[in-house]
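Here is my note on the model you sent, arranged as numbered points on charged pairs and nonpolar packing.

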Amino acid sequence: MSNSDLFKKHIAIPQDHGSWVFILSPLLIGVFAGNSFSYATFDLIVAAMAAFMLRQPATALVKILSKRRSRDEFAAAIFWMAIYGLIALLALIALILKGFGYIAYLAVPGVPVFAWHLWLVSKREERRQVNIELIATGVLSLSAPAAYWVGVGNYDPYGWWLWLLVWFQTAASIVYAYLRLSQREQAEGPDRSGQWKMEWRAALYTSFNLASVLTLSLLAVLPGLLFIPYLVQWTETMWGITHPATGWKPTRIGIRQLIVSILWTALFIVFWR
């Protein structure tokens with residue numbers, strides 16, 4: 001067996017590039033909120049990224065066993081699952097030795113969600129599953145409080161706010177992305193009433209997020225200007241409602257979504273502090 005049989009990019013690295021923001025954003029937010037970077041922080045980042053990367057070869061393996069891919073890729077899938085699994089395990093052991101063993105409990109919700117995803121893959125039903133994507137991003141968003149707790153050096157209930165705030169934003173982002181993808185398939189933009197009927201869910205998610213964070217900011221539960229990144233996302237959604245992505249290429253939609261997500265993450269970090 002040659003190295004080329006094992007080092008297959010589409011087996012080793014997630015090909016859905018938009019998904020990277022759903023792990024990197026909460027990690028960055030948690031690290032900056034914790035206001036500290038230590039060896040334990042590095043271990044957490046390694047563990048989280050290895051677990052995230054594990055999905056790609058595991059999905060490929062299920063496709064191979066379901067006869068959706070060639071058996072020639074079987075060895076590569078097993079190889080990368082072993083590599084990522086080992087890295088995640090070693091990083092987790094390092095966290096436990098540093099006194100952060102409780103962080104491992106955050107991985108528990110990910111097990112059934114991951115199993116659900118693989119089951120859908122085996123049934124060829126993994127595409128356009130918005131609900132499981134919303135739940136999966138909730139699991140990924142747990143990396144925000146994890147990084148925060150490692151940064152401050154102990155468990156702090158305030159970290160759960162980070163989880164909810166990040167999850168609600170990513171959920172709104174996913175719903176909006178599906179909206180834009182559905183818009184591009186229309187030959188002509190819908191009329192005004194049709195727009196709101198089709199796009200109410202995206203408007204509801206971002207409006208709820210903005211109103212909730214603004215209220216909690218005014219009550220001094222959250223930092224006073226934290227509503228600003230949510231205002232940016234809300235504005236983008238309202239713009240998308242009035243400017244349908246008719247005829248847009250998926251790449252154009254993805255790049256715009258990525259820019260908004262990066263801007264939201266940067267503003268969140270700034271105003272959380």
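Predicted model: local features only at pLDDT ≥ 70, side-chain atom pairs only at ≥ 80, totals over all residues.

The points below take the salt bridges and then the nonpolar cores.

1. The side chains of Asp-43 and Lys-98 form a salt bridge with an N to O distance of 2.9 Å. Because Asp-43 belongs to helix α4 (residues 39-65) while Lys-98 sits in the loop between α5 (74-97) and α6 (110-122), the pair ties together parts that are 55 residues apart in sequence. Asp-43 counts as buried, at 11% relative accessibility, whereas Lys-98, at 41%, counts as partly exposed.

2. The side chains of Arg-256 and Glu-236 likewise meet in a salt bridge, at 2.9 Å from N to O. Here the partners lie in two helices, Arg-256 in α12 (residues 250-272) and Glu-236 in α11 (residues 227-242), so the bridge ties together parts that are 20 residues apart in sequence. Glu-236 is buried at 8% relative accessibility, and Arg-256 is partly exposed, with a relative accessible area of 30%.

3. The largest nonpolar core comprises 29 residues, and those with the most contacts inside it are Leu-162, Leu-165, Phe-268 and Trp-272. Elements that give two or more residues to this core are α3 (21-34), α4, α8 (143-152), α9 (159-184), α10 (192-218), α11 and α12, with α8 giving the most, at 6 residues.

4. Leaving aside residues up to four places away in sequence, Phe-268 touches Ile-29, Leu-162, Leu-165, Leu-226, Pro-229 and Tyr-230.

How values were computed
Residues numbered from 1 in each chain as written. Heavy atoms only, no water. Salt bridge = Lys/Arg side-chain N within 4 Å of Asp/Glu carboxyl O. Helix = DSSP H or I, 4+ residues; strand = E, 2+ residues; numbered from the N terminus. Buried < 20%, exposed > 50% of the residue type's maximum accessible area, 1.4 Å probe, protein only. Core = buried A, V, L, I, M, F, W, Y, C linked by side-chain atoms within 4.5 Å. Contact = heavy atoms within 4.5 Å.
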